[in-house]
Every structure is written in C-alpha cells, then in structure tokens.
Amino acid sequence: MDHVDFVTQQWEKERPDLDVSAMAVIGRVGRLAQAYQQGMQKTWARYDLNGAKFDVLATLRRSGAPYRLSPGDLLRSTMVSSGTMTNRIDRLEAAGLVSRSVNPDDSRSFLIGLTDKGLALIDEVATAHVQTQAELLTGLTQKEQAALNALLSKALQVASDD
C-alpha cells in the first residue's frame with residue numbers, strides 16, 4: 001500500500017458515492033513525476049546546472065550542428081516566457097556555455113549557439129542524464145517500460161485533446 005492507496009481509501013470510506021480511480025492514477029503520475037524530477041536534479045546539480053539551464057543546452061544540442069537557434073525557436077521548444085528565456089540565456093552566456101551572434105539571414109536578430117565549452121558540457125551531462133533516467137526505471141522490465149510508455153503516451157494525448 002502506498003500513499004495514494006491511503007488517500008483513496010480514506011475517500012472511499014468517507015464518500016463511497018465517489019469513484020476515485022482517476023484520482024489514484026493522477027496522484028501516482030504526479031508523485032512519480034516528482035520522484036523522477038528529484039533524481040534528475042541531482043544529476044544536473046553535479047554539473048552546476050538546473051532543469052532550466054539543462055533544457056536550453058539540450059535544446060540547442062539536439063537541434064543539430066551548428067547548434068544555434070533563434071530566441072523564438074528556443075521559446076517554442078521550451079515553452080517559457082521571453083523574459084524567462086532572456087534570463088536563462090544571460091546566465092548561460094555569463095558561464096561561457098552559449099554565445100549570441102548576429103543572424104546571417106536577418107541582421108536585426110541574433111542566434112543563440114553553444115560554445116565549445118557548452119557543447120562539451122551538454123554532451124557529458126546528456127550521457128549522465130540518460131543513465132540517471134535508466135536507473136530510475138530499473139525496477140521495471142523492458143516490457144513493462146514499453147507498456148507504461150504506451151499508456152502514458154495515450155493518456156497524454158487524451159489529456160491534451162481538451
């Protein structure tokens with residue numbers, strides 16, 4: 001019995017007229033997301049990063065060579081406000097991990113790109129990040145992971161249709 005069972009059993013006792021099965025699923029998904037996030041934060045912290053900085057560096061890295069994007073493209077990839085993105089870029093630039101350059105296609109705008117230092121760091125962190133994620137799932141077989149992934153994908157599609 002886990003904490004979610006405890007909560008839903010209380011509801012079932014106090015309000016037997018309510019079907020709390022959805023509460024159990026959503027409660028577990030939320031608690032699982034928190035647990036996974038904590039594990040990944042420990043990995044990022046080893047590299048003096050947090051989730052926000054990792055997100056920008058990883059977005060630039062997975063965009064492919066030359067690892068540069070416009071601030072607008074970064075915004076769409078990370079779904080944060082422009083002020084938040086500017087702050088992230090400023091901090092990463094101060095750390096020497098990204099640089100700003102004039103956009104060759106539009107001199108009125110600029111591109112954010114990984115520096116050599118940023119590229120080396122995100123490659124190292126990405127390796128550790130993927131390893132951490134695998135470790136977080138070690139209690140599940142490959143088949144269970146595939147089933148969970150399929151079910152979560154379906155649930156996310158249903159939730160996003162609203």
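In the predicted model, the protein has a mean pLDDT of 94, and 99% of its residues reach 70 or more. Confidence is lowest in helix H4 (residues 71–78), where the mean is 87, and highest in helix H6 (residues 116–136), where the mean is 98.

Helix H5 comprises residues 82–94. Four residues of H5 are buried, namely Met85, Arg88, Ile89 and Leu92. These residues lie on the same side of H5, because they cover an arc of only 95° around the axis. The face turned away from this buried side carries Arg91 and Ala94, both of which are exposed. Cover for the buried residues of H5 comes from elements that include helix H3 (51–62), H4, strand E2 (98–103) and strand E3 (106–114).

Arg88 was examined individually. This residue belongs to H5 and has a relative accessible area of 16%. Since buried means under 20% relative accessible area, Arg88 is classed as buried. When residues up to four places away in sequence are not counted, Arg88 touches Ala52, Asp55, Val56, Thr78 and Val80.

Beyond the helix, the backbone continues to Gly96, which follows H5 and has a positive phi, near 80°.

Terms used
Residues are numbered from 1 along each chain as its sequence is written. This is a predicted model: local features need pLDDT of at least 70, side-chain atom pairs count only at pLDDT 80 or more; totals for chains, interfaces and linings use all residues. Side-chain values use heavy atoms; hydrogens and water are left out. pLDDT is the predictor's confidence in each residue, from 0 to 100. Helices (H or I, at least four residues) and strands (E, at least two) are DSSP runs, numbered from the N terminus. Buried means under 20% relative accessible area, exposed over 50%, partly exposed in between (1.4 Å probe, protein chains only). Contact means heavy atoms within 4.5 Å. The arc is that of the directions from the helix axis to the C-beta atoms.
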